[in-house]
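Welcome to a short tour. Please open the model in your viewer and get ready to select a few residues with me.

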Amino acid sequence: MTVERSSFFRPVPSLKSAEEAGGKAWSLARMVAQGIAVPPGMVLTCRSFDCFVHDHQLDALELTPALDPADRAKFSQRAAQIREQVMS
């Protein structure tokens, strides 16, 4: 996936929507826009996460619709598999 790496980081005040960097970052951006004192900072964009998943062939690790989060044993097992793949 060819992506401009500069799109991986964004100053908090420059965010235009939650889709860019997630809900927490968007909340901070809205606070800044309302004049609330927020320490300056940068956020990783959702695009950076998508590229990481693609570049490391982690697309296949998405939860399958058949996985029931209420089945704690299977859910925990799948979470451990995903964690192992991401950390390797």
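Which residues form a nonpolar patch on the surface? Select Phe9, Met42 and Leu44: together they have about 340 Å² of accessible area. Patches join residues with over 30% relative accessible area and no salt bridge, like charges within 9 Å and nonpolar side chains (Val, Leu, Ile, Met, Phe, Trp, Tyr) within 5 Å. Areas come from the Shrake-Rupley method with a 1.4 Å probe, and for residues only the protein chains shown count as cover.

A word on the model: it is predicted, local features need pLDDT of at least 70, side-chain atom pairs count only at pLDDT 80 or more, and totals for chains, interfaces and linings use all residues. Residues are numbered from 1 along each chain as its sequence is written, and side-chain values use heavy atoms, with hydrogens and water left out.

Stay on Leu44, which sits in strand S2 (residues 42–44). Strands (E, at least two residues) and helices (H or I, at least four) are DSSP runs, numbered from the N terminus. Leu44 is exposed, at 53% relative accessible area; exposed means over 50%, buried under 20%, and partly exposed in between (1.4 Å probe, protein chains only).

Next, pick Arg10 and Glu20, whose side chains meet in a salt bridge (2.2 Å, N to O). Arg10 is in strand S1 (residues 9–11) and Glu20 in helix H1 (residues 18–21), so the pair ties together parts 10 residues apart in sequence. A salt bridge puts a side-chain nitrogen of Lys or Arg within 4 Å of a carboxyl oxygen of Asp or Glu. Arg10 is partly exposed at 23% relative accessibility, while Glu20 is buried at 18%.
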